[in-house]
Amino acid sequence: MSFRTTISYVLWPLTMWYAVGVVVRNFFYAVGIKRQAAPHITTIGVGNLSTGGSGKTPHVEYLLRLLADHYSTAVLSRGYKRKTKGFLADDGSHDAALLGDEPAMVAAKFPHVQVAVCEKRVEGVSRLMAQERIEMQGEEEVHISMAPQLIILDDVFQHRAIKPSINILLTEYGHQFFKDRILPYGNLREFKSARYRAGIVIVTKCPAVLNPVDRHNIIQDLKLQNFQKVFFSYLKYGDLLTLDGQPAGIGLRRADNILCVTGIAHPEPMVAELRRSTKVYHLPFGDHHDFSARDMARIRDTFAALPGSNKIIVTTEKDAVRLRGLSEGLPVYVLPVEVAFHKSAERDFDYLIESSVRENISFLSKLSIWS
């Protein structure tokens, strides 16, 4: 009997009870016992079925680059592993301890976008819509709404209390949900049938050149319905940056050795990208890892043990948010990453999102006039 089979038998009772809980919860939403809010504002939900690593944040950033220059935009996240509770909007400090690493990173990269965190997304949306500033006109106070036109909801697929205007489901090329099982035996947070709640499905972290046969087989395995659109994206890495986001001015090939430090769920694509240029030693930590003094000592010792004098440390944008202020004296650089779509799919995806957002905002605008 294989180890995997043995584990499946051991975890079966827990998996069964977790599955029952998921079924009951979704049934309550289906029949209206639990209510689902559809806010009077255009929202885009980005989420997945698995426990992480599908590339939600790079896709959120893609949507921001596409839309934030045209609409007043906000991003609302849970703020995983932050040290605060309740609703909190970024005040310009981009503090990972207050917001969580991913929201802090987004806030730093997109200063013209409102970034907020809240465990309860319905409350978070309401608070964003209620934001206002006060200006004096003569001796009179005038309240001016700062409500955004568009809110991007990060990691919201299982947060059934809110219904996004546009629902995007991500599944990673190397960890596709239709090959996985429900927690705790597998990594799925709910059953595969939940994919039908999404209008758009994106297969993420694909090879830069995707075999047409592979693409066809994935589409067949997804078993989507006619109303659902499927796209394939891949990660495109940029030039090295300093920890504060400035161009580093050095290339990967100039280093004899690289210590790659990651605290993300699936670092394999990044490590593979680095290994195309030079020798790499990978030091992995858990997803959303909060680096301690002991961790930094381990990083320093590991780096010191690498051979050669022309060596550097490379980390992710998300980890850089937590490493700032802890890595003094170390040559730490950031490998930025963006999402790209295959061939004409980028044009098709952009058009689908832009037209859907435009129509939704226009409809809500007319609705508010009529009401």
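## Pocket and cavity terms

On a 1 Å grid over the protein atoms alone, a pocket is an open set of points with protein on both sides within 12 Å along at least five of seven lines, a cavity is a set of points where a 1.4 Å probe fits but cannot get out, and lining residues have an atom within 4 Å of a point. Grid points are joined across faces, edges and corners, and a volume is the space filled by probe spheres set on the points.

The model is predicted: local features need pLDDT of at least 70, side-chain atom pairs count only at pLDDT 80 or more, and totals for chains, interfaces and linings use all residues. Residues are numbered from 1 along each chain as its sequence is written, and side-chain values use heavy atoms, with hydrogens and water left out.

## The largest pocket

The largest pocket holds about 870 Å³ of space. Its lining consists of 40 residues, and those nearest the centre are Lys 56, Thr 57, Glu 102, His 288 and Lys 318. Two or more lining residues come from each of α2 (56-67), α4, β10 (229-237), α7 (268-275) and α9 (317-323). Here helices (H or I, at least four residues) and strands (E, at least two) are DSSP runs, numbered from the N terminus. The element that gives the most to this lining is α2, with four residues.

## Cavities

There are three cavities of 30 Å³ or more. The largest cavity contains about 50 Å³ of space and is lined by Thr 57, Val 60, Val 75, Ser 77, Glu 102, Pro 103, Val 106 and Asp 154. At least two residues of this lining are supplied by each of α2, β2 (73-77) and α4. The largest share, three residues, is that of α4.

## Glu 102 and helix α4

Glu 102 belongs to helix α4 (residues 101-109). With a relative accessible area of 17%, Glu 102 is buried; buried means under 20% relative accessible area, exposed over 50%, and partly exposed in between (1.4 Å probe, protein chains only). The side chains of Glu 102 and Thr 57 make a polar contact (3.5 Å). Such a contact is a pair of N or O atoms within 3.5 Å; within protein, one must be able to donate a hydrogen and the other to accept it, and residues adjacent in sequence count only if both atoms are side-chain atoms. When neighbours within four places in sequence are left aside, Glu 102 is in contact (heavy atoms within 4.5 Å) with Thr 57, Asp 154, His 288 and Lys 318.

Helix α4 is largely enclosed by the rest of the structure, because seven of its nine residues are buried. These are Asp 101, Glu 102, Pro 103, Ala 104, Met 105, Val 106 and Ala 107. The buried residues of α4 pack against α2, β2, α3 (96-99), β4 (114-117), β7 (150-154) and α9.

## Aromatic rings

Eight aromatic pairs are found in a search of the whole structure. One of them is Phe 27 with Phe 28, a tilted pair at 6.3 Å centre to centre and 50° between the planes. Rings of Phe, Tyr and Trp (its six-membered ring) pair if their centres lie within 6.5 Å; planes under 30 degrees apart count as stacked, over 60 as edge-to-face and the rest as tilted. Phe 27 counts as partly exposed because its relative accessibility is 48%, and Phe 28 counts as partly exposed at 28%. Phe 341 and Phe 349 form a stacked pair, 4.5 Å centre to centre with 25° between the planes. Both Phe 341 and Phe 349 are buried. Ring pairs link Tyr 62, Phe 231, Phe 341 and Phe 349 into a cluster.

The charged end of Lys 311 sits over the ring of Phe 303, 5.0 Å from its centre. The criterion is NZ of Lys or CZ of Arg within 6 Å of the ring centre and within 35 degrees of the ring normal.

## Backbone features

Most residues other than glycine have a negative phi, and most peptide bonds are trans. Leu 183 and Pro 184 are joined by a cis peptide bond, with omega about 0°. Pro 184 lies in the loop between β8 (166-172) and β9 (200-204).

Lys 81 is not a glycine, yet has a positive phi of about 65°. Lys 81 is in the loop between β2 and β3 (88-89) and counts as partly exposed at 45% relative accessibility. Lys 223, also not a glycine, has a positive phi of about 50°. Lys 223 lies in the loop between α6 and β10 and counts as exposed at 52% relative accessibility.
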